[in-house]
Amino acid sequence: MADIQRLKDIASQVRRDIIRQVHAAQSGHPGGSLGCTELFTALYFEVMDRKPGFHMDGRDEDVFFLSNGHISPVWYSVLARSGYFPVSELSTFRKINSRLQGHPATHEGLPGIRVASGSLGQGLSVGLGMALGKKLNGDDHLVYCLCGDGEMQEGQIWEAAMFGAHHKVDNLIALIDRNGQQIDGPTKEVISLPNLKKRWESFGWKTMETQGNDMEQLLQALAEAKNQTGNGQPIMIIMHTEMGYGVDFMEGTHKWHGVAPNDEQTEKALAQLPETLGDYPLKSNDAE
Amino acid sequence: MMLSKYEQTGKKATRQGFGDALLELGQANDKVVGLCADLTGSLKMNAFQDEFPNRFFQAGISEANMMGVASGLATAGFIPYTGTFANFSTGRVYDQIRQSIAYSHKNVKICASHAGLTLGEDGATHQILEDMGLMQMLPGMTVINPCDYNQTKWATKAIAEIDGPVYLRFGRPGWPVFMPEDVPFEIGKAHLMKEGTDVSIFATGHLVWIAMQAVNALEEEGISCELINLHTIKPLDEEAVLASASKTGCVVTAEEHQRLGGLGSSIAETLAMHHPTPMNFVAVDDSFGESGKPMDLLEKYGLGQKNVEQAVKDILRRK
């Protein structure tokens with residue numbers, strides 16, 4: 001049985017890490033990162049069966065791919081907090097000579113990252129390839145992959161949808177961060193995404209929906225999805241979240257998709273997020 | 001050294017060399033997997049598919065997804081060979097290759113058939129002449145353009161031995177087979193086919209055969225030609241280029257590609273930096289192709305035997 005309070009405490013620290021990274025860099029994407037904090041915390045601290053250390057081939061462990069790479073701050077925080085690299089390295093986010101690139105990359109050798117992402121629509125295909133590789137290797141672990149809802153506007157996503165169902169890639173659990181927002185505004189105003197559940201079902205995916213900012217409900221959905229693996233269908237969870245969740249003035253608007261808070265806003269945000277695991281030290285030239 | 005060593009022993013498409021080698025490779029290396037975007041017959045991948053159905057993934061007409069799936073398979077430790085036409089292997093999926101394969105340093109072998117004008121009747125929509133330029137601009141990408149069936153077969157196997165992304169380019173038509181079995185193939189190493197003193201001719205792909213015919217004719221006229229087969233476009237064997245250019249004092253390049261971004265461009269950069277040398281290019285001059293027979297198209301677009309001969313004569317006057 002999951003220790004919900006422990007996961008919530010970790011999530012609070014992860015949110016602090018997100019705000020502090022983006023503030024120090026004065027760039028980055030806080031909105032989607034905050035909205036997906038429960039998911040990343042649940043996956044890395046509860047759900048995924050991970051091996052110690054980092055192994056690119058992910059053999060005999062569950063692996064995760066982030067297709068909407070711009071929400072790197074949440075991933076970096078969770079990777080550091082779960083031991084892939086020193087937490088102090090979060091202070092290098094988006095700075096020169098850092099392994100923590102604006103969008104995740106393997107190029108600098110950051111442990112935990114298996115493919116670059118940021119140019120949207122590509123991660124689901126990579127996850128499918130990894131899942132097929134696991135099958136060939138006789139490895140019964142799972143592949144998780146998160147996509148943004150705006151990403152559903154990319155054609156490659158639907159190529160992947162057809163491929164995954166046709167090849168019965170039933171060891172993959174994909175998720176859509178359904179926050180209804182993208183850079184230019186609400187998805188319904190930019191390019192609307194009606195009937196997302198029906199669409200994925202009609203493409204042959206076992207499709208579920210869950211609340212993504214409620215830790216209990218999310219864990220339940222992830223457990224249910226895991227139960228559905230191995231049944232000949234890939235799995236899609238449409239995860240309803242609020243962009244900016246956890247910081248009141250960032251919630252529910254696309255305006256904090258890719259904007260860094262100023263000093264005052266940062267102070268206001270951090271005041272809403274209890275420090276539970278200890279903040280990482282900022283670089284000396286960064287004011288908080 | 002005479003070109004007589006390279007006698008035509010038959011006629012086979014370079015894509016057949018790819019397909020035959022892929023089957024042998026599959027037997028020798030169980031990490032090799034194949035992916036194809038609805039062109040299994042055209043790429044001659046059927047034999048591999050039949051023998052290794054579990055290691056072959058039909059991607060359908062979804063090249064972008066195919067590149068991503070290949071990246072994932074490579075991450076899991078496999079050596080994916082993707083197959084589709086050169087046009088759909090490069091321009092159509094450039095960003096997928098750039099982010100998910102090249103920048104992520106994935107061990108994916110992008111195998112591209114029907115490159116260039118010799119695709120023939122299908123016309124310019126399919127006759128990509130920019131692919132080597134696109135691919136060689138990507139950091140860390142190896143680019144190989146073999147000249148005949150045998151060399152394509154060797155190249156297909158050799159690329160499995162290097163860790164990293166590779167673009168392997170070959171073609172559609174039946175083409176003379178002339179590379180003897182005992183000629184070693186080494187990625188990144190120029191292959192000196194004939195020594196000469198008056199001019200260095202660097203050729204790649206189908207144009208090696210054309211250049212050989214030109215060399216035979218030029219030798220009859222008393223022009224001593226050095227002929228070098230540059231199957232590896234990147235990394236370029238700069239040492240071989242500089243050694244030959246220094247010896248002969250003038251250079252002609254020959255390729256089935258746009259002049260901009262091709263083999264000639266790369267050689268020009270190398271020479272400009274280290275040993276400026278008068279140079280002529282046999283390449284397509286900022287133009288799309290059209291429907292027609294392969295040899296007719298090569299002549300119309302300035303890639304025929306006579307064009308190579310003329311390029312040599314012109315450059316000798318500027319030496």
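Some ground rules to start. Residues are counted from 1 along each chain as its sequence is written, while chains get letters from A and ligands get numbers from 1 in the order in which they are written. Because the model is predicted, local features need pLDDT of at least 70 and side-chain atom pairs count only at pLDDT 80 or more, but totals for chains, interfaces and linings use all residues.

**Where the chains meet**

Let's take the two chains first. On chain A, 28 residues are in contact with 25 residues of chain B (contact: C-beta atoms, placed from the backbone, within 7 Å). Helix H5 (123-136) and helix H6 (155-166) of chain A are the elements that give two or more residues to that side of chain A; helices (H or I, at least four residues) and strands (E, at least two) are DSSP runs, numbered from the N terminus. H5(A) brings the largest share, 10 residues.

Ala, Val, Leu, Ile, Met, Phe, Trp, Tyr, Cys and Pro count as nonpolar, Asp, Glu, Lys and Arg as charged, and the others, Gly among them, as polar.

| H1(A) with H10(A) | 3 residues | 2 residues | 1 residue |

**A helix pair in chain A**

Helix H1 (residues 4-25) and helix H10 (residues 263-271) of chain A pack at an angle of about 170°, with axes 10 Å apart. Axes here are lines fitted to C-alpha atoms, for helices over the stretch in contact, and angles run from 0 to 180 degrees between N-to-C directions. So H1(A) is roughly antiparallel to H10(A) (angles over 145 degrees). At the meeting point, A:Arg16, A:Ile19 and A:His23 in H1(A) face A:Thr266, A:Ala269 and A:Leu270 in H10(A) as contacts.

**Domains of chain B**

Chain B is assigned domain 1 (12-176) and domain 2 (191-318), with bounds from an automatic or database domain assignment. Their C-alpha centres lie 25 Å apart, and 27 residues of domain 1 are in contact with 30 residues of domain 2. On the domain 1 side, the elements supplying at least two residues each include helix H7 (149-158) and strand E8 (174-177) of chain B.

Conventions: Contact = placed C-beta atoms within 7 Å. Parallel < 35°, antiparallel > 145°, perpendicular 65-115°, else oblique.
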